[in-house]
Each structure stands twice: as C-alpha cells, then as structure tokens.
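Here are a few friendly notes to read alongside the model.

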Amino acid sequence: MSKIGELKYGVNAIRALIKATGRTPDQFIGENFSALDMELGTTIIWAGMLWQNKSLTVDEVGDLLDAESGLYAEAFGEAAKKLIEAFNRLLVVEAKKEEKVKN
C-alpha cells in the first residue's frame with residue numbers, strides 16, 4: 001500500500017468517518033461493505049489516512065487512488081478489514097465493561 005501509506009483507524013479516524021457519513025458504529029459493524037459504493041469506500045479509505053495528514057480531503061484521496069490501476073480495490077479491501085478490526089478493538093471492550101457493570 002505504498003502509494004497511499006498505512007491505514008490506521010483510531011478514535012479520531014472513526015469520529016471523522018461517523019461525521020462524514022452520518023452512520024453510527026452499529027450501522028458500520030452490521031454492514032456488508034461493497035467496493036461498488038465508491039463514495040463510502042473512498043471515505044473509509046480517507047478516514048484511515050487522516051493520521052498522516054489531518055487536512056486531507058476525500059477528493060485528494062480519490063486523486064491518489066486514480067494513480068494506479070486496481071489501487072482503489074486493494075485499498076478498499078484493506079480499509080474495510082482494518083475498520084472492522086478497529087471497531088471490535090475499541091467498542092467490543094466497552095460492551096464487555098457495560099455487561100460487567102450490569103451484573
């Protein structure tokens with residue numbers, strides 16, 4: 001993924017993604033992502049790139065993804081996987097804590 005760098009999904013990336021899409025974490029977790037939804041796909045990739053450049057725009061990411069044939073599909077696959085891993089890492093632990101408090 002050298003053309004776009006490493007994708008990272010921390011709290012701020014997820015916040016930016018929620019703000020940009022209007023979707024909740026539950027909606028992302030329950031969704032089967034499709035690379036054909038290029039608006040969502042490019043936005044997910046963008047959020048994962050923000051750690052490198054907080055002023056990056058979705059349009060700039062689209063331009064980067066045009067640089068090489070197949071780059072969008074490759075980046076989308078990695079982004080979807082890492083985003084779900086981040087949701088699980090950040091939110092599943094919170095759900096377990098809430099269960100313990102209830103018990």
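Throughout these points, contact means heavy atoms within 4.5 Å. Please also keep in mind that this is a predicted model.

1. Let me start with Y9. Setting aside its neighbours within four places in sequence, Y9 is in contact with I44, I45, A47 and G48, and also with A79, K82, L83, A86, R89 and L90.

2. The largest nonpolar core has 28 residues, and Y9, I44, I45 and L83 are the ones touching the most other members. At least two residues of this core come from each of α1 (11-21), α3 (38-49), α4 (58-65) and α5 (71-102). Helix α5 provides the largest share, with nine residues.

3. Is T43 buried or exposed? This residue sits in helix α3, and its relative accessibility is 6%. Buried means under 20%, so T43 counts as buried. Its side chain reaches the backbone oxygen of E39 at 2.7 Å. Beyond its neighbours within four places in sequence, T43 is in contact with L17, A20, T21 and V58.

4. How do α3 and α4 pack? Their axes lie 9 Å apart, at an angle of about 100 degrees. Angles of 65 to 115 degrees count as roughly perpendicular, and α3 and α4 are therefore roughly perpendicular to each other.

5. Finally, the residues where these helices meet. From α3 come T42, T43, I45, W46 and M49, and from α4 come V58, V61, G62, L64 and L65. By class, this contact of α3 with α4 has seven nonpolar and three polar residues, with no charged ones.

Conventions. Residues are numbered from 1 along each chain as its sequence is written. This is a predicted model: local features need pLDDT of at least 70, side-chain atom pairs count only at pLDDT 80 or more; totals for chains, interfaces and linings use all residues. Side-chain values use heavy atoms; hydrogens and water are left out. A nonpolar core is a set of buried Ala, Val, Leu, Ile, Met, Phe, Trp, Tyr and Cys residues joined through side-chain atoms within 4.5 Å. Buried means under 20% relative accessible area, exposed over 50%, partly exposed in between (1.4 Å probe, protein chains only). Helices (H or I, at least four residues) and strands (E, at least two) are DSSP runs, numbered from the N terminus. A polar contact is a pair of N or O atoms within 3.5 Å; within protein, one must be able to donate a hydrogen and the other to accept it, and residues adjacent in sequence count only if both atoms are side-chain atoms. Axes are lines fitted to C-alpha atoms, for helices over the stretch in contact, and angles run from 0 to 180 degrees between N-to-C directions. Angles under 35 degrees count as roughly parallel, over 145 as roughly antiparallel, 65 to 115 as roughly perpendicular and the rest as oblique. Ala, Val, Leu, Ile, Met, Phe, Trp, Tyr, Cys and Pro count as nonpolar, Asp, Glu, Lys and Arg as charged, and the others, Gly among them, as polar.
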